[in-house]
Amino acid sequence: MNAIVQIDSDKYARVVKASKAVRWDIDDDVIKGRSFDRSKKYLPDGLSLVQELTTLSDVEKRFASQVQGRTYANVFGLVERFITAKLLEVGHEHSLGDQNALEALVRFSDEELKHQTLFRRINDMMGAVMPGGYRFDVDHDAVARAVLEKSTWAVLVLTLHIELFVQHHYRQSIEPDAALSELFKDVFLFHWKDECQHVVLDELELKRHDAALSESERDRAVDDFIALVAAVDGILQAQAKADAGYFAAHCGRTLGRQEADSVAALFLKAYRWQYIFSGATHPRFQAILKSMITEAQGKRIAAALATLE
Ligand SMILES: [Fe+2]
Ligand SMILES: [Fe+2]
């Protein structure tokens, strides 16, 4: 597609300036020689939903928040693999054009590489204080390859969705929860600082790409987006099962069949809330998506999401 889309260079320049202003270092600014403390919650209740597990003690709920908090870091490390690859690809389109846009996307990619390093560190640091046997058996490159086979529009919509819910999670749940591990909180404070710029770029790149699509291409891209959400759900189902099993094995008592099933169902509900519905219901996401698609396409997406509730 060769549609000429006017680039708003100033918007990209502002992102570059903001990115430079918040630049941080994993050791000097985030970790600062600390380690994880098992006496504190990791993921806040608003995301983990553990308060719904009324049969668990407070200590058991805290352990559930720690298991989910470790997976939370690992899921970002996973999705950032395809996000970096896609944004490098679309950034290349600016390489002989607008240099502010190019710089903004180079910085975006650099930041996502740093985030992946940070989340690997966090997984290892949590592993050092948590019982053995935790698994996050997802091949990052295989997932990224499968995602990148889909249309760029669908991958950019999924990326916008993720980076919007990152902000929402931090502001609504992580920042206000005084009972969280300070280190966990700082990891997602610094991550959030970068994501505030990323979400601006996601929207700019998505709209630039959307303007170049034909109606039939966009219609196929809507199907690709639906397929990507289903693939995300497949990963969440497997991880919820693994994490609930790990929780049951290390919570300190034997859970009855019914209680173990309730824990597994709650973990899946929480993961779907964290990675699908908190983004899909985000007002900014809904507004941007609605501005690009027809009513019928919106209904197709809503019907696909309804199957996951
Ligand atoms: Fe990130
Ligand atoms: Fe990001």
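**View 1. Glu112, a buried residue beside two iron ions.** Let's start with Glu112, which is buried at a relative accessible area of 0%; buried means under 20% relative accessible area, exposed over 50% and partly exposed in between, using a 1.4 Å probe and protein chains only. Glu112 coordinates both the iron ion (ligand 2) and the iron ion (ligand 1), which are 3.4 Å apart.

This is a predicted model, where local features need pLDDT of at least 70, side-chain atom pairs count only at pLDDT 80 or more, and totals for chains, interfaces and linings use all residues. Residues are numbered from 1 along each chain as its sequence is written, chains are lettered from A and ligands numbered from 1 in the order written, and side-chain values use heavy atoms, leaving out hydrogens and water.

**View 2. The donors of the iron ion (ligand 2).** Here you can find Glu112 (OE), Glu163 (OE), Glu195 (OE), Glu195 (OE) and His198 (ND1), lying 1.8 to 2.4 Å from the iron ion (ligand 2). Donors are N, O and S atoms within 2.8 Å of the metal (3.2 Å for Na, K and Ca); water is not among the atoms, so sites may look incomplete. Glu112 belongs to helix α5 (residues 99-129) and Glu163 to helix α7 (residues 152-174), so the pair ties together parts that are 51 residues apart in sequence. Helices (H or I, at least four residues) are DSSP runs, numbered from the N terminus, as are strands (E, at least two). Glu163 is buried too, with a relative accessible area of 2%.

**View 3. Lys32, a loop residue with positive phi.** Lys32 is not a glycine, yet its phi is about 45 degrees. Look for Lys32 in the loop between α2 (26-31) and α3 (45-48). Lys32 is partly exposed, at 49% relative accessibility.
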